[in-house]
Amino acid sequence: MAVGGLHTCALTAEGEAWCWGANNAGQAGLPEAATGSCGDPIHGWKCVPRPHAVETTLRFDALVAGAANTCGFTDDGTIHCWGSNAAGQLGTPSSDSCDGLPCSRTPVALPAQPKLRTLALGSAAHVCGLTAGGEAYCWGSNEDGQLGIGTVGGNRDVPTAVAGGVRYRTIAVGGQHTCALSIEGMPWCWGRDILPPGEGGVSLSATPVAIESSPAFTDLITGTWAACGRTATGSVHCWGINANGEMGITPVGLTTRFATPQLMARDPRWVTLAGSSGTFCGLDAAGDTWCWGHGADGELGPVQEYSSAPVLIDGV
């Protein structure tokens, strides 16, 4: 399964993609005629209330989903994407229009080169991927340098090489930034609000910057304001803006910034991490699920605005 901003997709055993939820930008992979209303009186989202097969003969091995787009990997390693293309985030030009903005309601192929083995989609309008050799490519919105290509501004509708020549093992897309782990496990970030403030107090870089004083990480997650990495021993360290407590420490607030990775206050042996936007979650060695950060929409289970300490998710 792949969970996006307001839509969900899943694969059958035969590799057929089925999607449901929001389809205002074609992210559910269905024509406009198949799209109805879910009764949202505020946004009026066009949606598909029940699972439907994506209109394609392609069969996929894996799916990933972002805010308003979806991508699938076929067995020969090619990648096809559908949904919003307003900022070029499909990685190729598209001819459809969704509410007056570029989109594709059917899967369109990414360029054959570079051949990407992983993709990172998030809550923003840019996408990044890695080749088998660890070269990073990004495309989509670049208004804050989040593509890492050395310039700020202007969208890219084809995969463009990230500057610097660092080879990475994993990559994660945040709000207006991107972070990745080098082959050695050291974090690098680019874009806005995830780096120490520079000239004029602005946190922005259009090229990758190494995160100082960091331990080596095995995996990485990033959200709107902050990023966290997990070490081989299971400890988690976070940096960025602790807007909702997503760093797992105090103090909390939009003006609370940490330039170097900070060890979470409660630090069991974490096995996996997940999350996006302002909420992060982890699975500990005992098999329990914990979440922290933004909770105003029920992300933390019991109703609370936020938590800077992990909250046990009952019933998981």
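C81 is placed in strand β8, which spans residues 79-84, where strands (E, at least two residues) and helices (H or I, at least four residues) are DSSP runs numbered from the N terminus. The structure is a predicted model, in which local features need pLDDT of at least 70 and side-chain atom pairs count only at pLDDT 80 or more, while totals for chains, interfaces and linings use all residues. Residues are numbered from 1 along each chain as its sequence is written, and side-chain values use heavy atoms, with hydrogens and water left out.

C81 counts as buried because its relative accessibility is 0%; buried denotes a relative accessible area under 20%, exposed one over 50%, and partly exposed a value in between, computed with a 1.4 Å probe on protein chains only. Apart from neighbours within four places in sequence, C81 is in contact with T70, C71, L90, T106, P107, V108 and L110, contact being defined as heavy atoms within 4.5 Å. One of these residues, C71, stands ten residues away from C81 along the chain, with 4.0 Å between the two C-alpha atoms.

A disulfide is a covalent bond between the sulfur atoms of two cysteines, and is assigned here to a pair of cysteine sulfur atoms within 2.5 Å. The structure holds seven disulfides, among them the one that joins C71 to C81, with an S to S distance of 2.1 Å. The link of C71 and C81 is right-handed, with 105 degrees about the S-S bond. C71 belongs to strand β7 (residues 69-74) and C81 to strand β8, so the pair ties together parts that are ten residues apart in sequence. Like C81, C71 is buried.

A further disulfide joins C9 to C19, with S to S 2.1 Å, and this link is right-handed, with 110 degrees about the S-S bond. Because C9 lies in strand β2 (residues 7-11) and C19 in strand β3 (residues 17-22), the pair ties together parts that are ten residues apart in sequence. Both C9 and C19 are buried.

C179 and C189 are likewise joined by a disulfide, with S to S 2.1 Å. The torsion about the S-S bond of C179 and C189 is about 105 degrees, so this disulfide is right-handed. The pair links distant parts of the chain, with C179 in strand β16 (residues 177-182) and C189, ten residues apart from it, in strand β17 (residues 187-192). C179 and C189 are buried.

Leaving aside neighbours within four places in sequence, T224 is in contact with S123, G175, H177, S277 and G278. The C-alpha atoms of T224 and I211, which are 13 residues apart along the chain, are separated by 17 Å.

The largest pocket holds about 830 Å³ of space. A pocket is an open set of points, on a 1 Å grid over the protein atoms alone, with protein on both sides within 12 Å along at least five of seven lines, and lining residues have an atom within 4 Å of a point. The lining comprises 39 residues, of which A65, L121, G122, G275 and S276 lie nearest the centre of the pocket. The elements that give two or more residues to this lining are β1 (2-3), β6 (60-65), β11 (116-121), β15 (168-173), β19 (219-222) and β23 (270-276). The volume is the space filled by probe spheres set on the points, which are joined across faces, edges and corners.

Terms used. On a 1 Å grid over the protein atoms alone, a cavity is a set of points where a 1.4 Å probe fits but cannot get out, and a pocket is an open set with protein on both sides within 12 Å along at least five of seven lines; lining residues have an atom within 4 Å of a point.
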